[in-house]
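Please open the structure in your viewer and keep the selection panel at hand. The stops below are meant to be taken in order.

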Amino acid sequence: MGYRLAMAVILSVTLIIVDVRFDQLDPVRRTFSSGMIPVQWLSDLPNKLGEGLVFLFTSRDSLEEELDLMRARMLVLERQSQKFASVTAEINRLRELLNASRLLDEGVVVAELIGASPDPDNQYIHINKGLNQAVYLGQAVLDSHGLMGQVIEVNEFSSRVLLISDSRHAVPVQINRNGMRAIAYGVGTLGTLELGNVPDTADVKVGDLLVSSGLGGRFPQGYPVARVTSIEHFPGRPFASVKVSPEAQLNRSRLLLLLFKEENLKRDQALPVGSQAESRPREGAE
Amino acid sequence: MATYFFSWLAVAISFFVAAVLELVSLPDMLVVLRPEWLVLTVIYWLLRHPEKVGIAIGFGTGLAMDVMSGSYFGIHALALSLVCYLVLGMHKRLKMFPVIQQSAVIFFITGIHLMIVYTMRSLLSVADSGLEYLWQALVSAFVWPFVVVLYDRLVFALR
């Protein structure tokens with residue numbers, strides 16, 4: 001028995017070292033977690049049943065009301081996106097005048113949440129799109145309010161998304177009001193992120209919107225990330241402590257958007273964001 | 001001495017159920033109170049059939065837990081193998097204990113499991129979580145009698 005224990009210990013220590021140092025074990029992990037899919041599906045069943053029950057007991061009136069609200073909202077958003085298309089075109093013309101590179105448009109694929117991390121220290125979620133939908137590592141994931149996180153593991157039919165609030169995650173951001181750049185670090189709690197190394201004299205105000213800056217090349221530019229909630233200055237320390245709260249509803253959203261850069265976009269399944277994205281000439285792309 | 005009926009089907013079903021329970025999404029308040037279902041399941045089968053279920057099963061379950069929790073391969077495997085060794089060492093006494101006393105032992109055993117997991121994790125990455133995992137161990141100990149009754153029923157039904 002002691003002999004077996006020794007073998008198990010040696011084996012697991014080797015596994016840990018190999019997994020920390022190299023990435024040869026990724027295919028193994030992928031096969032394992034593809035095999036876990038039935039378990040995952042079942043563990044999401046209570047949520048699905050709950051939603052079904054709520055739907056079953058919703059009255060016709062309230063559904064109709066909701067439909068009306070959604071129609072009205074769609075109208076408003078459509079009007080905005082009409083303007084958005086012409087404004088993008090305008091900006092691109094201006095950028096051409098300045099000989100700058102054209103702004104790339106992204107496409108999105110709608111994904112659904114199928115599982116969340118059982119462990120409060122690791123903040124990630126599972127979504128129902130994987131290699132079969134050309135999901136790739138490092139892909140940005142949004143909900144309807146802002147940036148949620150990035151894909152860190154892709155299986156055949158599902159993938160794992162690290163949330164921006166995880167303590168291992170950081171997003172390059174800029175303040176929408178004045179363009180000041182900073183990095184938003186996750187601290188391991190869902191409601192707060194921290195801006196790192198903000199000088200005491202920096203122009204930050206409570207309520208400022210932070211958008212992704214696109215630096216680092218992982219997240220596309222201009223998506224809302226968080227809003228500043230508190231700023232504390234410590235005399236004697238060079239940096240202020242700035243707390244921000246994520247715009248995305250990290251623990252509530254069930255419908256998410258996977259963002260595809262244009263070159264990775266599968267034309268048949270992704271909807272372009274701007275309505276004119278199709279008609280725009282593409283040779284000017286970077 | 002009574003010989004227990006053994007079926008791999010019961011083992012498979014119990015592990016499947018435990019894995020589902022391990023992954024069910026809970027409200028934020030309750031996440032720190034999730035019992036270690038898979039560890040309890042392994043301990044149950046170790047106590048019932050120490051001749052069939054051993055360290056190898058514990059190791060395999062640990063690997064599955066690593067995949068489910070997204071931690072480095074081998075952390076849970078290491079912890080669960082050690083737990084299996086501990087339980088195998090005292091299974092004869094543990095079986096004789098009244099349920100309350102068993103629960104107390106389960107508290108320490110799951111506590112050891114969680115301690116190894118969290119220590120390894122904080123060694124390998126930045127996460128640190130204080131002693132909150134003791135709540136998980138406490139809830140596991142509290143749930144243990146119910147787990148035993150349920151699995152006994154399962155075995156009886158499949159007899």
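This tour goes from a pair of helices to the nonpolar cores. Bear in mind throughout that the model is predicted.

**A pair of helices.** Begin by selecting helix H3 of chain B, residues 55-69, together with helix H4 of chain B, residues 75-96, whose axes come within 7 Å of each other and cross at roughly 150°. Because angles over 145 degrees count as roughly antiparallel, this crossing makes H3(B) roughly antiparallel to H4(B). The crossing in which H3(B) passes H4(B) is right-handed.

Now show the residues where the two helices meet: on the H3(B) side they include Ile55(B), Gly58(B), Phe59(B) and Leu63(B), while on the H4(B) side they include Leu80(B), Val83(B), Cys84(B) and Tyr85(B).

Select Cys84(B) next, which, leaving aside residues up to four places away in sequence, touches Val42(B), Leu46(B), Gly54(B), Ile55(B) and Gly58(B).

**The largest nonpolar core.** Which residues have the most contacts inside the largest nonpolar core? They are Val42(B), Ile43(B), Leu46(B), Leu80(B), Val83(B) and Cys84(B), in a core of 53 residues. Helix H1 (2-21) of chain A supplies at least two residues of this core, as does each of the helices H1 (8-23), H2 (37-48), H3, H4, H5 (99-124) and H6 (133-157) of chain B. The largest share, 11 residues, comes from H4(B).

**A separate core.** Finally, select Val161(A), Leu193(A), Tyr223(A) and Leu258(A), which are among the 45 residues of another core lying apart from the largest one.

Terms used. Residues numbered from 1 in each chain as written. Chains lettered and ligands numbered in written order. Predicted model: local features only at pLDDT ≥ 70, side-chain atom pairs only at ≥ 80, totals over all residues. Axes fitted to C-alpha atoms, helices over the stretch in contact; angles between N-to-C directions. Helix = DSSP H or I, 4+ residues; strand = E, 2+ residues; numbered from the N terminus. Parallel < 35°, antiparallel > 145°, perpendicular 65-115°, else oblique. Left-handed = near helix turned anticlockwise from the far one by under 90°. Contact = placed C-beta atoms within 7 Å. Core = buried A, V, L, I, M, F, W, Y, C linked by C-beta atoms within 7 Å. Buried ≥ 20, exposed ≤ 12 C-beta atoms within 10 Å, placed from the backbone.
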